[in-house]
Structure formats: structure tokens, C-alpha cells
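Please keep the sequence and the 3D view at hand while reading.

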Amino acid sequence: MLNPVDTAAVIRDGGAVGQYPDQIHEGVAWWLGACMIVTLQASRLTVAHDGHPVSAVFADRLCRGAINARHYACNVRHLGRQSEQELLAAMTDPHQAPGAWLSADVAESFTTVRIRLYDSHGALLDDANGLAAIRDFIAQDRVPIPVNTRAKGSIGSWPPRTTEGDRP
């Protein structure tokens, strides 16, 4: 594994949390995205972040991991900067889909990154509903990769961007 992490210390509390860059790095977000899609067997994912520059980078990496998860061809709806409550509301509209909310807090000389993972019913992942499997995938360096280019998903911003001629 390139740039390993202490999975037991970082992947916990409904997702992952750690000091950046010492305990957690952007690759962890990619791994979480890919492993979450395979573990939950999801074809859709909704992602949002708190707007902090570090959490925005982590959100982008999580989205990229999610679209590269084996054969699932996951369609990611990236909401950008939104509150956690707005993410949870968007996860149920129009179809239930799992979600991820990313935040970063700066204290003294370090930044703490938190990635919260939700199942399609809005429940935080824990060891009983997928988090243990995700942690095991990463600890054993079995992060899923796409089987071929046709299996790659897509990332769309939300609301969808339109061209000038597409306005209602």
C-alpha cells in the first residue's frame, strides 16, 4: 500500500477522522469512496463538503474513488459546499442513495478532517452496516479498482450546470 494509514485509528466514528496530513491523507478519501460503493453495492452516491479548501480536495478524491469501484459505474451527485443537513435531504430526493459529508476544522497548527459516510437510509455507517468491511478492504490493501473503462461511473455537479440555451 502506497502511503498507508492506521485504519483502526482513522476509520471509525461513522467514517474517517484524523489530523491532516499526519494521520489522514487525500488517498484515504479515494479508498473510502471505492470501498463504500463496493460494500454497499451502490450505483449512486451523493457527496457534499463544508467548503473548507482541504475538505473540498478530499471530497473530489472521494468522488473519483467512487466512480472507479469495480463494475458498479457509480453516478456521483456532487453537491459542493452544503451543510450536513442539506446533504441528508438531498440523499432522499428523488431517489435514496448513500452519501458522504466531509468537513475540516483548523485548531492550532493542524487540520482535522472528518468524513461521514451514510447508507441509503441516512444512517451513519458503523461496524454492523459496512464500516468494518470498508476498514478491512483498506487494511488488507484490497481497494477495488474498475474492471474496465466501461465500468467507470460519472461525477455530476448539483444542480446540473446548463448552457445558456438550456434555461427554461
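## Strand pairing around β6

V17 stands opposite R114 in β6. The strands β2 and β6 are antiparallel and share six bridges. Strands here are DSSP runs of E with at least two residues, helices are runs of H or I with at least four residues, and both are numbered from the N terminus. Two strands count as paired if DSSP finds at least two bridges between them. β6 is also joined to β5 by nine bridges, again in the antiparallel sense, and here A100 stands opposite L117. Two residues lie between the strands in the hairpin of β5 and β6, where E108 takes a positive phi near 55°.

The model is predicted: local features need pLDDT of at least 70 and side-chain atom pairs count only at pLDDT 80 or more, while totals for chains, interfaces and linings use all residues. Residues are numbered from 1 along each chain as its sequence is written, and side-chain values use heavy atoms, with hydrogens and water left out.

## The sheet as a whole

Which order do the strands of the open sheet follow? Seven strands are arranged as β1-β2-β6-β5-β3-β4-β7, with mixed pairing. At the edges are β1 (11-12) and β7, each of which pairs on one side only.

β3 and β4 run parallel over six bridges. Within this pair, L45 has V76 as its bridge partner in β4, and R44 has N75. Together with helix α3 (residues 53-66), β3 and β4 form a right-handed β-α-β unit; right-handed means that, with the strands pointing away from the viewer, the path from the first strand over the helix to the second runs clockwise. On to β7, β4 makes four bridges, also in the parallel sense; R77 has its bridge partner G156 there.

## Buried residues and the core

Five of the seven residues of β4 are buried. Buried means under 20% relative accessible area, exposed means over 50% and partly exposed lies in between (1.4 Å probe, protein chains only).

The largest nonpolar core contains 41 residues, and L32, L45, V47, L62, I115 and L117 have the most contacts inside it. Such a core is a set of buried Ala, Val, Leu, Ile, Met, Phe, Trp, Tyr and Cys residues joined through side-chain atoms within 4.5 Å. At least two core residues come from each of α2, β3, α3, β5 (99-107), β6 (110-118) and α5 (131-139). The largest share, 10 residues, is supplied by α2.

W101 is located in β5. It counts as buried because its relative accessibility is 12%. The C-alpha atoms of W101 and L87 are 7.1 Å apart, with 14 residues separating the two in sequence.

## Backbone exceptions

Most residues other than glycine have a negative phi, and most peptide bonds are trans. Q41, not a glycine, has a positive phi of about 50°. Q41 sits in the loop between α2 and β3 and is exposed, with a relative accessible area of 59%. R70, in the loop between α3 and β4, likewise has a positive phi of about 50° without being a glycine. R70 is partly exposed at 32% relative accessible area.

Y20 and P21 are joined by a cis peptide bond with omega of about 5°. P21 belongs to the loop between β2 (15-20) and α2 (26-40).

## The largest pocket

The largest pocket holds about 160 Å³ of space. Of its 15 lining residues, R44, T46, N75, R77 and P94 are the closest to its centre. A pocket is an open set of points on a 1 Å grid over the protein atoms alone where a 1.4 Å probe fits, with protein on both sides within 12 Å along at least five of seven lines; lining residues have an atom within 4 Å of a point. Points are joined across faces, edges and corners, and the volume is the space filled by probe spheres set on them.

β3 (44-49), β4 (75-81) and β7 (154-157) each give at least two residues to the lining. By class, the lining has seven nonpolar, five polar and three charged residues. Nonpolar covers Ala, Val, Leu, Ile, Met, Phe, Trp, Tyr, Cys and Pro, charged covers Asp, Glu, Lys and Arg, and the others, Gly among them, are polar.
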